[in-house]
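Visitor: I am new to this structure and would like to be guided through a few of its details. Could we begin once it is in view?

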Amino acid sequence: MTPPAPRGRPGPAPGAPLRTGSLRTRTVVAVTALLAVLLLALALAVQALVGDRLRAQVVERLGDRAAAAAALVGTVDDDDLADRLSAQGVSVVVTSPDGGAVTAGPSPDDLRAGPGADPLGELPGPAGGPRDSDGATDGTTGSEHTTPPDPASTDAAGSDATVSVTSSSVTDDGDLIRYEAALSDGTELALTAGTSSIDDTLATLRGVLLGASAAFLLLAAGALVLVVRRTLRPLERMTAVARSISGGDRGRRLRPTRPTTELGRTATAFDEMLDDLERAEGAALAAEARLRSFVSDAAHELRTPVAGIQAAADTLVRSRLDDDERERLTVHVVRESLRAGRLIGDMLLMARLDEGLALDPRPLDVAEVARGAAERQRVRGGDVAVEVVTSGPVPPVSGDPDRLGQVVGNLLDNAVRHARSSVRVSVASRGVDDTAEVVVRVDDDGRGVDDADRERVFDRLVRLDEARARGDGGSGLGLPIARAIARAHGGDVVCLPRAAGGGADPGLGGARFELRLPASAVAQPKSSETETPLHAHPTWHGGAERNRPE
């Protein structure tokens with residue numbers, strides 16, 4: 001069943017080019033735009049709060065006028081009261097208890113049409129200022145210059161209850177604010193003020209906010225350019241390091257001081273990538289060098305037998321030889337052809353080992369394999385004595401008998417070739433449970449292998465004694481073949497250090513090679529249905545394995 005596609009924004013298609021817009025420009029533009037949005041929201045909020053506060057103050061002033069009018073009722077007539085309340089451009093309608101209405105100030109339509117006086121001006125005093133010849137006051141506050149009332153009327157007015165505002169309502173349509181109040185004596189007041197002055201104040205405030213915001217954004221953008229340039233300086237250094245490395249300076253690294261930050265993680269990943277590339281380059285160069293060396297050594301190894309065969313065949317064809325000389329040359333041709341064939345066979349086997357070795361695993365007794373290899377060595381004859389020793393019970397292993405016989409045979413051939421008089425093959429087991437393994441140790445009494453060459457002897461076509469005649473040795477591939485087959489079985493072949501005198505197992509004083517195989521309870525060799533590439537083992541590098549000198 002096909003899993004559902006992940007929701008959300010689809011990622012970039014594989015192989016799509018990376019979008020590489022200017023990070024500096026995008027950062028500056030994004031932060032500046034964010035600041036502009038925040039400043040705009042702040043300006044709108046300030047303008048709304050100031051507008052609401054100014055309208056609330058107008059309502060408060062109109063309410064104060066209504067309260068002042070309540071205090072003046074009974075002391076001045078309705079016309080004078082309306083005149084006093086209409087100061088600073090307020091439209092006033094005073095309706096007396098008997099139904100008469102007095103109007104003063106601009107009409108509501110006049111207030112809506114154009115700007116008027118400040119509705120937040122001074123409140124009317126308890127008495128108007130002196131009037132001119134036309135009966136209008138001079139606009140000053142204070143007591144009115146009228147004839148004092150007679151005592152009878154004063155006593156009557158003083159005996160009345162104080163007039164107050166009993167109810168009020170406010171209507172705001174955006175252009176006008178209308179305040180209606182009912183007094184306790186039945187008088188009704190309607191006070192209307194325009195909002196043009198508030199609009200002018202808000203317009204001035206809006207201009208100030210826009211100008212200040214624009215100046216702030218310009219300063220912020222300039223500061224952001226400097227800050228972002230300094231912040232992105234590590235990226236410029238990374239670019240410089242990459243260019244210097246491409247120019248040949250392979251050792252340059254960023255080495256971040258704080259690898260947990262965003263730039264630190266990027267720099268760390270960059271350094272790790274460079275380290276991997278440097279290691280890969282070194283491995284590739286080493287593999288190429290090993291391949292060149294192997295090809296050169298293989299050609300050199302083949303050149304000797306081929307040249308001998310060619311020379312002997314030419315002599316046999318062109319010269320008249322007696323029977324003894326002809327037989328000698330014929331034997332030489334056969335011997336050199338066998339040597340060349342063995343070398344070619346070993347090289348083909350190494351190629352197969354590189355590609356993957358097919359095994360036919362089965363339970364087997366390693367001691368029997370060792371005795372069989374020793375018996376084949378005895379059949380070949382020679383002056384070197386071969387002894388097989390088994391210590392205690394040896395558990396079976398799971399492996400290919402032919403391939404493991406080849407491993408022990410190669411170790412024996414190498415030991416016999418360098419021994420003076422004797423070779424000993426010891427078979428034993430060590431470890432328990434999951435760590436149990438079977439060990440086959442091959443000792444000889446030859447000159448041995450120096451500690452510095454214990455790994456080098458497993459290189460392909462390596463001879464530590466270059467002065468030795470090539471005809472006296474093998475192909476130089478016996479030990480790498482043995483190690484590769486052992487590793488395909490989950491084991492290994494190693495060259496042990498020289499045995500110290502007086503040890504538990506002093507050996508014979510020469511070279512000591514050890515084959516290690518896991519016991520059958522933990523052995524997991526590869527079946528014939530699968531092939532194991534030897535380069536998959538940790539110590540296999542796709543090039544020359546390390547070989548004992550021939």
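Visitor: How many aromatic pairs does the count come to?

Guide: This is a predicted model, and ring centres have to lie within 6.5 Å of each other to pair. By this rule, the count comes to one aromatic pair.

Visitor: Is the aromatic pair of Phe458 and Phe513 stacked, tilted or edge-to-face?

Guide: The ring centres of Phe458 and Phe513 are 6.0 Å apart, and their planes stand at 80° to each other. Since planes over 60 degrees apart are given that name, the pair formed by Phe458 and Phe513 is edge-to-face.

Visitor: Are Phe458 and Phe513 buried or exposed?

Guide: Phe458 lies in the loop between strand 11 (437–444) and helix 11 (478–488), while Phe513 belongs to strand 13, so that the pair links distant parts of the chain, 55 residues apart. The relative accessible area of Phe458 is 0%, and that of Phe513 is 3%.

Visitor: Which residue lies over the face of Phe458?

Guide: A charge sits over a ring if, among other conditions, CZ of Arg is within 6 Å of the ring centre. At 3.8 Å from the ring centre of Phe458, the residue over its face is Arg483.

Visitor: Is helix 9 parallel, perpendicular or oblique to helix 10?

Guide: Helix 9 (residues 366–380) packs against helix 10 (residues 401–418) with the axes 9 Å apart and at an angle of about 45°. That angle makes the arrangement of helix 9 to helix 10 oblique.

Conventions
Residues numbered from 1 in each chain as written. Predicted model: local features only at pLDDT ≥ 70, side-chain atom pairs only at ≥ 80, totals over all residues. Heavy atoms only, no water. Phe/Tyr/Trp six-rings, centres within 6.5 Å; stacked < 30°, edge-to-face > 60°. Helix = DSSP H or I, 4+ residues; strand = E, 2+ residues; numbered from the N terminus. Buried < 20%, exposed > 50% of the residue type's maximum accessible area, 1.4 Å probe, protein only. Lys NZ or Arg CZ within 6 Å of the ring centre and 35° of its normal. Axes fitted to C-alpha atoms, helices over the stretch in contact; angles between N-to-C directions. Parallel < 35°, antiparallel > 145°, perpendicular 65-115°, else oblique.
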